[in-house]
Amino acid sequence: MTVLLPGRERRTPAPPPDPAHTLDTLATILITVVTVAVLYLAREILVPIAIAILLSFVLSPLVKALRKLGINKKVAVGLVVLSAFCVAVGLGAVLGKQISDLAAEAPRYQVTVSSKMEGLRDFATRNPIIGKLNDVIASVSHMTPQQGAPQPQAQPQGQDRQAQATRQRGQPSSLGEGKPKVPVPVEIVTPPPGVLTILQEYAGTAASPLATAAFVAIFIVFILMQREDLRNRFIRLVSYGDLQRTTLAMSDAADRLSRYLLAQVLLNVSFGIVVGGALAIIGVPSALMWGIIAVLMRFIPYIGAIGAAAGPLIMASVAGAGWSLAIETLILFVTLETIVGQLVEPLVYGSRTGISPIAVVASATFWTWLWGPVGLVLATPLTVCLVVMGRHVERFGFLDVLLGDEPALTPVESFYQRMLAGDLSEIADHAELFLRDRPLIDYCDEVVMPTLLLAQADVRRGVLEEERQSRIRDTMHSLVEDIVDEGSSEADEDAEGNLAATGEAPPTAADEPDIEIAPEWRTEGAVLCLAGRTPLDEAAAMLLALLLQRRGLGVRVASAETLAQPDETAPRWPEAKLILLSFLDADLRLAQARFAIRRLRRRAPDAPIAAAFWMSEPDEGRANELCANVRAETCVASLPQAIALCLDRAGVPHDDIGSAAPKDEPALALKD
C-alpha cells in the first residue's frame with residue numbers, strides 16, 4: 001500500500017525525444033551547410049547580383065517618386081540609373097583630378113619629409129631612454145659569436161685527378177688553369193611597346209572591374225523594370241500557399257533594408273561633408289578628395305573609419321612645417337568617430353536593422369571570409385535579410401535567435417534560468433530595472449509568479465529534483481530580504497529628508513490617516529502564509545507575505561514540513577486571523593489539499609482558511625471546483641486576489657491592488 005505523504009509531489013517520466021524534431025534539426029543543418037558552400041563556390045556570380053539587389057533598394061524610392069509624378073516607368077528607370085551613373089562618373093573624375101594634383105605636388109613635400117625625418121633622428125639620438133636601449137642592443141650583438149670566414153670549397157676528387165693528368169701532358173686545364181676567359185657582356189633590348197600592346201595591357205587590367213560594373217548595371221535595370229514580377233515569382237516560389245506570411249516577410253525585409261541603407265547613405269554623406277569642410281578649414285591639401293574617400297570608406301564596417309583617417313593624417317604630417325596640422329587632424333577624426341560611432345550610429349542603426357551588436361561583428365567576419373572585401377561591405381544588409389527570414393520562416397527561426405536584437409529569453413525564462421543558477425545579483429539587477437517604472441505587485445504577478453509556475457511544470461515532468469527546488473526557495477528568500485531592506489532604507493531616506501525639510505516624518509502605508517489597520521492585524525503572524533507541498537509552494541508563500549507586509553499587515557511564513565508533523569509536536573498559531581494555504585497551479589491531488597486543511601483546522605480552529613491555487617491564467621470555474629472539493633472557506637488564484645482578500649478581512653479600504661488586477665476584485669469563491 002502506497003501512502004502519499006504531504007510534501008511529496010507526483011513525478012511523471014520525461015517524454016522521449018521526438019524523432020521528427022531530430023530529423024528537422026538535421027535537415028536545417030544540412031541546408032545551411034549546402035547554402036554556405038554554394039555561396040562560396042558561386043561568389044563570382046552571386047556578388048554582382050547581391051550588389052545590384054542592394055543598389056536597387058536604394059534607387060527604387062526614386063523610381064517610385066518619379067512614377068508618382070506621372071512619368072513612364074521605363075523613362076523613370078532610365079533617368080534614375082543614368083543619374084546614378086553620372087554621379088559615380090563625377091565622383092571618379094573629381095577623385096582622379098585630386099589625385100593627379102596631389103601627385104604633381106609630391107616633390108614639394110619631399111623637403112618637408114626629409115627635415116621631419118632628420119628631426120626625429122636627432123630626437124632619438126638625444127633621448128636618454130632610446131640611447132640606453134641602443135646600448136643594450138649593441139652589447140647583445142657583441143655577445144653573439146661571430147661566424148668564421150667561409151672556407152674554399154674543395155674540388156671533387158675526380159676533377160682533381162683530371163687536372164693533374166692534364167698538367168702532366170702539358171695541356172691547359174679546363175678547370176680554370178691556363179689563360180682566363182674574358183666574359184662577354186650581354187644586353188637584352190626590349191622593343192618599345194606599340195599601341196596595341198598598351199591597349200591590351202590596360203584593357204586586361206580593367207576588364208574584370210568593368211565587366212562587374214556592367215553586370216551590376218544590367219541587373220539594376222532589370223530589377224527596377226521587373227520589380228513587381230520578381231516579387232510575385234518569389235512569393236509563388238516560397239509561400240507554399242501562405243501568402244500572408246510571405247508578403248509580411250517581404251514587406252518587413254524591404255522596409256528594414258530601405259530604411260537602413262537610406263540612413264547609412266545620409267549618415268556617411270553627412271560625415272564626408274563635415275570631414276571635407278573641417279579639413280579645408282584646418283588647411284589640409286586635397287580636402288575634397290579626403291571627404292569623398294571618407295564617404296566611401298564609411299560603408300566598410302570597423303576598418304572603414306581607420307581608412308578614412310589614415311590618408312588625411314599622412315597628408316597633414318607631410319604638408320605642415322610642424323606637427324600641429326597632424327595633431328588637429330587627429331583630434332578632428334577622434335572627435336567625429338566618438339560622436340558618430342558611440343552616439344549617432346547606435347541610435348540610427350540600432351532601431352532600424354533589428355540585429356544585435358555581436359551579430360554585426362560575427363556577420364562581418366563571416367561574409368569577409370566568404371566573399372572577401374565586398375562581403376565586408378555587404379555584411380550588414382545581408383544579415384538583415386537573414387534575420388527577417390528567421391523571423392518569418394519557422395525552419396530558420398534559429399537565425400532570429402542568433403542574430404536578432406530581441407532578447408533570446410523572455411523575462412520569465414531569464415528569471416527562471418537565474419533562479420536555477422542561484423545568481424541573486426543578476427536577479428536583483430533585473431528587478432531594479434523593472435521596478436523603476438512599474439510597481440512591485442506587477443513584478444511579482446507578471447515575472448516572479450509565472451517563474452514559479454514554470455518551475456512547477458518541470459516538477460510535474462520529473463526534471464526538477466527537490467535539491468534544486470530548495471535552491472529556488474532559498475534564492476527567493478534572499479530576494480525578498482533584499483527588497484524589504486531596500487524598501488526600509490528608501491523609507492528611512494524619505495523620512496530623513498522630510499524631517500529635515502518640515503520637521504515631520506512622512507506617514508507609512510500602515511499609519512496613513514486614511515488607512516487604519518487594527519492592532520491585531522499588525523501583529524506578526526496575523527496572516528499565516530503556509531506552503532502546501534513543495535519548496536516552490538513555500539517560495540510563492542514568501543512572495544505573498546512580502547506584498548502583505550508592505551501594506552502593513554503582520555505576516556508569517558511556514559514550510560510544508562509543519563503539516564507533516566504530528567499534532568502533539570506541531571506548532572500552534574493562536575494569533576492567526578487568516579491562513580493562506582499555497583499551492584502552485586491547480587494540478588494536484590484534492591485529497592492532499594483536504595488532508596492539509598483538516599490538520600490546519602485542528603491546530604487553528606478559529607482562523608478561516610483560504611486555499612491559494614496559483615494559476616498563470618486565473619480560471620474562475622476551476623477555482624470554484626477546487627474550493628468546493630477541498631472544503632476551504634475561500635479560494636484565490638492570483639496575487640492581487642489574495643491581497644484584496646486579506647485587506648477585506650482586515651477592514652482596510654483599497655482601490656487598486658495593481659495593474660494586473662481589476663479594482664476591488666474579490667476572491668473567486670466563498671463557502672456559505
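This is a predicted model: local features need pLDDT of at least 70, side-chain atom pairs count only at pLDDT 80 or more; totals for chains, interfaces and linings use all residues.
Q: Which residues and helices line the second largest pocket?

A: Its lining comprises 37 residues, and Ile51, Leu55, Ala84, Ala88 and Leu296 lie nearest the centre. At least two lining residues come from each of α2 (43-68), α3 (73-104), α7 (195-225), α9 (243-282), α10 (287-297) and α14 (373-392), with α3 giving the most, 9 residues. By class, the lining has 33 nonpolar and 4 polar residues, and no charged ones.

Q: Which residues have the most contacts inside the largest nonpolar core?

A: The largest nonpolar core has 57 residues, and those with the most contacts inside it are Tyr443, Ile472, Met476, Leu544, Leu548, Trp614 and Leu639. Leaving aside residues up to four places away in sequence, Met476 touches Met419, Val448, Leu452, Ala539, Met542 and Leu543. Another core, of 25 residues, lies apart from the largest one and includes Leu530, Ala596, Ala604 and Cys635.

Q: How many disulfides does a search of the whole structure find, and is Cys529 buried or exposed?

A: A disulfide calls for two cysteine sulfur atoms within 2.5 Å, and a search of the whole structure finds 0 disulfides. For Cys529, the nearest cysteine sulfur belongs to Cys646 and is 6.7 Å away, so Cys529 is in no disulfide. Cys529 counts as buried because its relative accessibility is 1%, whereas Cys86, at 46%, counts as partly exposed.

Notes
Residues are numbered from 1 along each chain as its sequence is written. Side-chain values use heavy atoms; hydrogens and water are left out. On a 1 Å grid over the protein atoms alone, a cavity is a set of points where a 1.4 Å probe fits but cannot get out, and a pocket is an open set with protein on both sides within 12 Å along at least five of seven lines; lining residues have an atom within 4 Å of a point. Helices (H or I, at least four residues) and strands (E, at least two) are DSSP runs, numbered from the N terminus. Ala, Val, Leu, Ile, Met, Phe, Trp, Tyr, Cys and Pro count as nonpolar, Asp, Glu, Lys and Arg as charged, and the others, Gly among them, as polar. A nonpolar core is a set of buried Ala, Val, Leu, Ile, Met, Phe, Trp, Tyr and Cys residues joined through side-chain atoms within 4.5 Å. Buried means under 20% relative accessible area, exposed over 50%, partly exposed in between (1.4 Å probe, protein chains only). Contact means heavy atoms within 4.5 Å.
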